[in-house]
Structure formats: C-alpha cells, structure tokens
Amino acid sequence: MTMSEDMYDSIEDAISGLFEGDSSGHDIHHTKRVHDTAIAIQAVEGGDLDVIRLASLLHDADDRKLFNTSNHSNARSIMNDHDIDPKIQEDVIHVISQISFKGKDTVTPDTLEGMIVQDADRLDAIGAIGIGRAFAYGGRAGRAMFDPKEHHKDDMTEEEYFSNEGTTINHFYEKLLLLKDLMNTDTAKSIAEHRHAFMEAFLKEFYDEWYGKDQANL
Ligand code: ADP
Ligand code: NI
C-alpha cells in the first residue's frame with residue numbers, strides 16, 4: 001500500500017483500538033496531538049515525513065506502562081497489516097526505541113526524525129495539557145497531588161523513575177520542568193518557552209492557594 005491519507009486513517013483506527021479504556025494520558029488524542037505537532041515541526045526542520053508520521057502514531061503502542069509486549073510487536077503488527085515497506089518499518093522502530101523519557105537514562109535520538117518525534121511527545125507533557133495529563137496519571141495511580149513533607153528526587157535512573165511513587169507535584173520537578181531545556185530542535189524550544197512559563201505560573205498559584213497566601217490580606 002502507498003502512504004495515502006486513507007492508510008494513515010486506518011492506522012489511527014488500529015491505535016484507537018489499542019488504547020480503548022485507558023485513562024493514563026496515553027489515549028488516541030495524545031497520539032494525534034503528537035502526530036500533528038511533529039508534522040508542524042517537520043515543516044520547519046525537515047526530515048522524512050512518513051517516518052515521522054508513522055513513529056508519532058505508533059510511539060506509545062508498546063509503552064511498558066500499558067502493554068506487556070516485547071520487541072515493539074504492536075507497532076510491527078500494525079505496520080505489517082498496512083504493508084509498510086520493511087526498510088521504513090525499521091526506521092520507524094529505531095525512532096520509537098529512542099524517544100522515551102527515562103530520567104537520567106534518557107537518550108538523545110541519533111536521527112532528525114527521532115529528535116522531532118521526541119520533541120513533539122515532550123511538548124504534549126508540558127503546558128496546560130501536560131498539567132492535565134500529570135494529574136490524570138497521578139489520580140489513576142492513586143497518588144496524592146502534593147505533600148509538603150515529601151521532597152522530590154533529582155537525577156533519577158530509569159528504574160528509579162519508573163518505580164517512583166511520589167506526588168504529582170513532584171513529577172513537575174522530576175520531569176516536566178526539565179523538558180524545556182531538553183528539546184532537540186529550535187522549533188520545539190520556541191513552543192516550549194510559553195508552555196514552561198505557564199507551568200511555573202501554575203505552580204506558584206498552587207502553592208499560594210495551598211499555603212493560604214491568597215487569603216493573607218482579607
Ligand atoms: P511518554 O509519552 O514520554 O512515554 P510517559 O509515559 O512517561 O511519557 O508519561 C505519560 C504522561 O503521564 C505524561 O504526561 C507524563 O508527564 C505523565 N506522567 C508520567 N509519570 C507520571 C507521574 N509519576 N506522575 C504524574 N504524571 C506522570
Ligand atoms: Ni507519548
């Protein structure tokens with residue numbers, strides 16, 4: 001099959017099926033936002049558009065928090081079902097395998113396509129939507145929003161990051177506020193600036209309400 005819009009629609013349908021019922025922020029809407037943001041970045045930065053689109057759509061299809069698959073089998077079987085050329089499949093799997101955030105074990109992708117998809121995925125973890133996703137994830141995991149006694153950890157390894165059960169506010173310091181300076185492309189950096197500033201304003205407001213600072217002058 002050639003890479004038609006019909007094919008992309010059909011791939012989106014297959015991914016919607018995988019994510020049905022998920023409330024951890026890995027729904028099809030996250031996938032679509034990453035896909036659309038990656039296309040917008042590609043328009044400025046270049047890179048192979050089909051590899052970028054396929055990798056964006058399939059980037060969470062074998063996420064370890066959701067699926068028990070090995071060797072990216074969900075992504076591979078969706079691509080096989082759509083007769084994607086084996087060389088393109090390998091490029092897509094290569095991109096997907098490098099983009100995930102793993103504390104200080106995170107890797108920088110060695111292709112432009114990987115850098116763009118990683119940036120698009122990270123942009124969806126910050127700003128207003130990133131805040132929403134963090135609290136949705138924390139709620140599903142039974143985490144407290146915030147605990148003044150619990151200090152966040154710095155420089156976590158991959159295993160520490162994945163086994164961490166801290167509060168959602170700590171997740172801002174352990175991941176979300178770090179992402180702006182980790183963007184690979186200048187285009188993503190410029191989008192990240194505003195989203196980052198919005199998160200900082202949110203945190204200030206959160207603490208002001210928590211500690212009653214907005215009630216100090218009644
Ligand atoms: P990625 O899309 O890079 O795979 P993750 O799977 O790590 O990202 O996270 C998916 C979403 O859930 C992101 O918005 C992320 O910030 C959020 N999230 C992950 N871990 C936590 C956590 N411990 N507390 C709150 N939110 C989290
Ligand atoms: Ni993602």
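This is a predicted model: local features need pLDDT of at least 70, side-chain atom pairs count only at pLDDT 80 or more; totals for chains, interfaces and linings use all residues.
Local features are given at pLDDT of at least 70 and side-chain atom pairs at pLDDT 80 or more, while totals for chains, interfaces and linings use all residues. Residues are numbered from 1 along each chain as its sequence is written, chains are lettered from A and ligands numbered from 1 in the order in which they are written, and side-chain values use heavy atoms, with hydrogens and water left out.

**View 1. The nickel ion (ligand 2) and its protein donors.** Start with His-30 (NE2), His-59 (NE2), Asp-60 (OD) and Asp-121 (OD), which lie 2.1 to 2.5 Å from the nickel ion. Donors here are N, O and S atoms within 2.8 Å of the metal (3.2 Å for Na, K and Ca); water is not among the atoms, so sites may look incomplete. Along the chain the donors follow the spacing H-x28-H-D-x60-D. His-30 belongs to helix 2 (residues 28-45) and Asp-121 to helix 6 (residues 112-123), so this pair ties together parts that are 91 residues apart in sequence. Helices are DSSP runs (H or I) of at least four residues, numbered from the N terminus. His-30 is buried, at 1% relative accessible area, and Asp-121 also counts as buried, at 16%. Buried means under 20% relative accessible area, exposed over 50%, and partly exposed in between (1.4 Å probe, protein chains only).

**View 2. Phe-146, Phe-206 and Phe-202.** The ring centres of Phe-146 and Phe-206 are 5.8 Å apart and their planes stand at 90°, so the pair is edge-to-face. Phe-146 sits in the loop between helix 7 (127-140) and helix 8 (158-163), and Phe-206 in helix 10, 60 residues apart, so you are looking at a link between distant parts of the chain. Both Phe-146 and Phe-206 are buried. Phe-206 also forms a tilted pair with Phe-202, at 6.0 Å centre to centre and 50° between the planes. Those two residues lie 4 residues apart in helix 10, about one turn of the helix. Phe-202 is partly exposed at 24% relative accessible area, whereas Phe-206 is buried at 13%. Rings of Phe, Tyr and Trp (its six-membered ring) pair if their centres lie within 6.5 Å; planes under 30 degrees apart count as stacked, over 60 as edge-to-face and the rest as tilted. Ring pairs join Phe-135, Phe-146, Phe-172, Phe-202, Phe-206, Tyr-207 and Trp-210 into a cluster.

**View 3. Asn-184 in its loop.** You will find Asn-184 between helix 9 (168-174) and helix 10 (186-210). Its side chain reaches the backbone oxygen of Met-115 at 3.1 Å. Leaving aside neighbours within four places in sequence, the contacts of Asn-184 (heavy atoms within 4.5 Å) include Thr-108, Pro-109 and Asp-119.

**View 4. Thr-108 in the loop between helix 5 (86-98) and helix 6.** Thr-108 is exposed, with a relative accessible area of 57%. Its C-alpha atom is separated by 7.1 Å from that of Gln-98, 10 residues apart along the chain.

**View 5. Leu-58 in the largest nonpolar core.** A nonpolar core is a set of buried Ala, Val, Leu, Ile, Met, Phe, Trp, Tyr and Cys residues joined through side-chain atoms within 4.5 Å. Of the 49 residues in this one, Ile-15, Leu-58, Val-92 and Phe-172 touch the most other members. Helix 3 (residues 49-58) gives the largest share, 6 residues. Not counting residues up to four places away in sequence, Leu-58 touches Ile-15, Ala-75, Ile-78, Met-79, Val-92 and Ile-96.

Technical notes
A polar contact is a pair of N or O atoms within 3.5 Å; within protein, one must be able to donate a hydrogen and the other to accept it, and residues adjacent in sequence count only if both atoms are side-chain atoms.
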